[in-house]
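Good morning, everyone, and thank you for making time for this short talk. Please have a look at the sequence and the model, and then I will walk you through a few of their parts.

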Amino acid sequence: MSDKVVTVFGGSGFIGRYVVQRLAKTGVRVNVAVRHVERAKFLKPMGNVGQITPISCDITDADSVAGAVQGADAVINLVGILYPSGHGHGFDDVHHQAARTIAEAAKAVGARALVHLSAIGADADSDSAYARSKAAGEAAVREVFPEATILRPSIVFGPEDAFFNRFGAMARLSPALPLIGGGHTLFQPVYVGDVADAVLRALSDSKAQGKTYELGGPKTYSFKALMEVMLATIGRSRLLVPVPFCVADVQAAVLQLLPVPPLTRDQVTLLKHDNVVAEGALTLTDLGIDPTTLEVILPAYMERFRRDGHYSRYTG
């Protein structure tokens, strides 16, 4: 496999680092296309000398993307945002237009496979701009590269996640945690290692081409239940306060003006809908992966968080 090249867009992110690490173990050469090369150099020790190469790329520029995929046997697009961050970095720019650009570049160089990471809840008719842009990205990828494999994870957990670490930090400082909409929204948390494994299975299994998989863990939890699991893991007792959607929407209208918003109105809209694997969808099991239980992984990084307030670099 040492003569194969895989280009990974967004390889320095939360999910990306696990994908790159697993790719390196297969012996392929990995080009990691990122905005900031310096921030991706931590990936290089995951492989042999010269095996992992961070390269500068602007996903909103077709020429830049074309350069990043030169010589690639396969392409992986893991790029995604939770909120817009200025001109050229809105939901449509990143999830739709950039997805099309990457698919077009992959097709142009004759890549044998393309794996595109989307999200459960992608829906062209959704009230959420995030969900609509994800659906538009899927449609663009299918149009340009019909044999692409699309993966839709539920909320992803792991040592560097922005979910449990965020609420764990809040629990250290606040006597109460908010339950937007009463905390009834359902989630099916999926382990980041399982998502990374799914990416590699999608690359290696020709039967996965042209298919869409929804990735969820073995159990479904309400938002309230997730907070209870997290609090039990870090050994803290906090008041869980229901916040009606209408109140959360008003709060989000202000919070989304911050440089790094803790909550946006679009996220409140997303929370009105369950985030679980659809009935009849292809899943991790169809890729030959046994989903990892939340309770098995969470203590590995949240226990240390309880002691010193920082997550561990557990990379199992």
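This is a predicted model: local features need pLDDT of at least 70, side-chain atom pairs count only at pLDDT 80 or more; totals for chains, interfaces and linings use all residues.

Let me begin with a question: is Glu147 buried, partly exposed or exposed? Glu147 is partly exposed, with a relative accessible area of 25%, where buried means under 20% relative accessible area, exposed means over 50%, and partly exposed lies in between, using a 1.4 Å probe and protein chains only. Residues are numbered from 1 along each chain as its sequence is written, and side-chain values use heavy atoms, with hydrogens and water left out.

Staying with Glu147, this residue forms a salt bridge with Lys107, and their closest N and O atoms are 2.8 Å apart; a salt bridge here is a side-chain nitrogen of Lys or Arg within 4 Å of a carboxyl oxygen of Asp or Glu. Glu147 lies in the loop between α4 and β6 and Lys107 lies in helix α3, so the pair ties together parts that are 40 residues apart in sequence. Helices (H or I, at least four residues) and strands (E, at least two) are DSSP runs, numbered from the N terminus. Lys107 is also partly exposed, at 34%.

How many salt bridges does a search of the whole structure find? The search finds nine, and another one of them joins Arg265 to Asp249, with 2.9 Å between the closest N and O atoms. Arg265 belongs to helix α9 (residues 265-270) and Asp249 to helix α8 (residues 245-255), so this pair ties together parts that are 16 residues apart in sequence. Salt bridges that share partners also join Glu138, Arg152 and Glu214 into one network.

Now let us turn to strand β5, which covers residues 113-117 and has five of its five residues buried. Ala113, Val115 and Leu117 are buried on one side of β5, and Leu114 and His116 are buried on the other, which leaves both faces covered. Strand β4 (residues 74-77) runs parallel to β5 and is joined to it by four bridges, two strands being paired if DSSP finds at least two bridges between them. Ile76 stands opposite Val115 in β5. From β4 the chain crosses through helix α3 (residues 91-108) to β5 in a right-handed β-α-β crossover, meaning that, with the strands pointing away from the viewer, the path from the first strand over the helix to the second runs clockwise.

Three bridges join β5 to the parallel strand β6 (residues 149-153), where Leu151 is the bridge partner of Leu117. The crossover from β5 to β6, by way of helix α4 (residues 129-144), is right-handed as well.

Finally, what does the interior hold? The largest nonpolar core has 71 residues, and Ile76, Leu151 and Phe164 are among those with the most contacts inside it; such a core is a set of buried Ala, Val, Leu, Ile, Met, Phe, Trp, Tyr and Cys residues joined through side-chain atoms within 4.5 Å. A second, separate core of 27 residues includes Phe9, Ala72, Ala106 and Val144. In soluble globular proteins, nonpolar side chains tend to be buried together.
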